[in-house]
Amino acid sequence: MNVVLFGPPGAGKGTQAERLAAKFAFLHLSSGDVLRAERKSGTELGARVAGYMDSGALVPDEIIVEVILARVLKADSKAGVLLDGFPRTLPQARQLDEALVGAGSRLDLVLSIVVPDELIVERITGRRMCPSTGKIYHVKYLPPKQAGICDETGEELIQRKDDTEEVVKQRLAAYHEQTEPLEVYYRQQGLLVEVDGTRDIGAVAQDMGAIVERHLGRENS
Ligand code: AP5
């Protein structure tokens, strides 16, 4: 089963992906994490995407499509792939469809986490993450046991460079302009299911888990 997690920056895609992947054994593929890893390793690709990411703009389609589709097609997971942050434009969505069909597969479900812009800035500016595992925390909504320290690795938590109020506004603008039209694309295909992402993390996770279970039930019946 192949699932896309859809929603604005800070909606909770990464947070919920971690939980869904653990529950259903999906392979979690986050386009943002892939790009940040490239930057951390100092690759040429990392250098090419840095300016876009730091300003809150989308990386050009031709770059991201090549990078992510190669990973989707190589994914070795019986349960399926959970895409987080990709696709984000219509050309990306179309190329994903084509690649999956070419591989004898398809997209089964698009889970859209609905959160209004007013809540996004607080969520994003309060986000902290583990520098080595990428585990996500929030200073208020999901604090670590010891302030500023990862529960699992004991490392000092970091803040993403693009998690400032100024850049968040650009990311939201890019989302509304380039990504939101995908809702119509997936709704027309009957794949889009919306989840109210304004509730606490556990409640959202429960809903999303139940939706995936229902789809799996249908697939197996
Ligand atoms: P990316 O890393 O994908 O960033 P994003 O889409 O902006 O999403 P975020 O990671 O900011 O948010 P999220 O929804 O995962 O929220 P999270 O779970 O962390 O992309 C970064 C950049 O890379 C882009 O700007 C672009 O330049 C480039 N890029 C990536 N993919 C691309 C593509 N396909 N095409 C072109 N360019 C691309 O939650 C946020 C915070 O809120 C956390 O602190 C969390 O603890 C908290 N939280 C989560 N849920 C709740 C809740 N229910 N209640 C309270 N707090 C919550």
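This is a predicted model: local features need pLDDT of at least 70, side-chain atom pairs count only at pLDDT 80 or more; totals for chains, interfaces and linings use all residues.

Modeller: Residues are numbered from 1 along each chain as its sequence is written, and side-chain values use heavy atoms, with hydrogens and water left out.

Biologist: How many aromatic pairs does a search of the whole structure find?

Modeller: A pair of aromatic rings is described by the distance of the centres and the angle of the planes. Rings of Phe, Tyr and Trp (its six-membered ring) pair if their centres lie within 6.5 Å; planes under 30 degrees apart count as stacked, over 60 as edge-to-face and the rest as tilted. The search of the whole structure finds three aromatic pairs. In one of them, phenylalanine 24 and phenylalanine 26, the planes stand at 35 degrees and the ring centres are 5.7 Å apart, so the pair is tilted. Tyrosine 185 and tyrosine 186 form an edge-to-face pair, with 70 degrees between the planes and 5.1 Å from centre to centre.

Biologist: Are phenylalanine 24 and phenylalanine 26 buried or exposed?

Modeller: Buried means under 20% relative accessible area, exposed over 50%, and partly exposed in between (1.4 Å probe, protein chains only). Phenylalanine 24 has a relative accessible area of 13% and is therefore buried; phenylalanine 26, at 6%, also counts as buried. Tyrosine 185 and tyrosine 186 are both buried.

Biologist: Which ring has the charged end of lysine 135 over it?

Modeller: A charge sits over a ring if NZ of Lys or CZ of Arg is within 6 Å of the ring centre and within 35 degrees of the ring normal. Here the charged end of lysine 135 sits over the ring of tyrosine 137, at 5.9 Å from its centre.

Biologist: Which residues around the ligand come nearest?

Modeller: A residue is near a molecule if one of its heavy atoms lies within 4 Å of it. There are 34 residues around the ligand, of which Thr15, Ala57, Arg88, Arg127 and Arg171 come nearest.

Biologist: Which element gives the most to the shell around the ligand?

Modeller: Helices (H or I, at least four residues) and strands (E, at least two) are DSSP runs, numbered from the N terminus. Helix H1 (13-24), helix H2 (31-40) and strand S6 (136-138) are the elements that give two or more residues to the shell. H2 gives the most, with four residues.

Biologist: What is the setting of histidine 138?

Modeller: Histidine 138 is found in strand S6 and, at 8% relative accessibility, counts as buried. Its side chain reaches the backbone nitrogen of lysine 140 at 2.9 Å, and a polar atom of that side chain lies 3.3 Å from the backbone oxygen of arginine 123.

Definitions and conventions: A polar contact is a pair of N or O atoms within 3.5 Å; within protein, one must be able to donate a hydrogen and the other to accept it, and residues adjacent in sequence count only if both atoms are side-chain atoms.
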